[in-house]
Amino acid sequence: MKPRMNASAWRAVFRILLTIITVILGRKATKPTKTPSRRSGTTKPVAAGDQAIAQLFARRQSDTIVEAAGTIVKILPDDLYDEDGSGQHQQFLVDMPGDVTVKIAHNLKFGHVPVREGDRVRFKGEYEWNDRGGCIHWTHHDPKKWREDGWIEYGGKRYG
């Protein structure tokens, strides 16, 4: 006669299987080259390197997470208009390789970055194409976890 497993043994087996499934699914969900999109449920491409923005601009490509660095060429007035609830934004223009200037729009809910013209900054955010060079937004933590967190690095400190 075969010995039968009691209820606590079955629970232990179930916990082990649940842990294995969680680990496997967790690995698939954390691919480093894609980030989830809140709009479509699909993933967003990621582009890194200072030339990435020039390439995206040339292809008129938007909805791409970028990580790059450039020199601030102009500080723009803060955008304090918040009709759609997206927040008020600090704005500045950054000169990028490939003769492209991009606007950084950093949500002031996540702090003000004390930058000046001529300063170099590194940043990570979502690139949106426009005919003037494009705009980088979502340069901060995403509290709803819809996308990868963005940031701005300046003066040895990370903001966002």
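Predicted model: local features only at pLDDT ≥ 70, side-chain atom pairs only at ≥ 80, totals over all residues.
**View 1. W129, a partly exposed tryptophan**.

**View 2. The F57–W129 aromatic pair**. One aromatic pair turns up in a search of the whole structure. The ring centres of F57 and W129 lie 6.1 Å apart and the planes meet at 20°, so the pair is stacked. Rings of Phe, Tyr and Trp (its six-membered ring) pair if their centres lie within 6.5 Å; planes under 30 degrees apart are stacked, over 60 edge-to-face, the rest tilted. F57 sits in helix α2 (residues 52-59), W129 in the loop between β6 (120-128) and β7 (135-137), so the pair ties together parts 72 residues apart in sequence.

**View 3. R158 over W151**. R158 lies over the face of W151, 3.9 Å from the ring centre. Such a charge needs NZ of Lys or CZ of Arg within 6 Å of the ring centre and within 35 degrees of the ring normal.

**View 4. The elements around these sites.** The protein chain has two helices and nine strands. Helices (H or I, at least four residues) and strands (E, at least two) are DSSP runs, numbered from the N terminus. Their order is α-β-β-α-β-β-β-β-β-β-β. Of its 160 residues, 34% are buried.

**Notes.** Residues are numbered from 1 along each chain as its sequence is written, and side-chain values use heavy atoms, without hydrogens and water. Local features need pLDDT of at least 70 and side-chain atom pairs 80 or more, while totals for chains, interfaces and linings use all residues.

Technical notes. Buried < 20%, exposed > 50% of the residue type's maximum accessible area, 1.4 Å probe, protein only.
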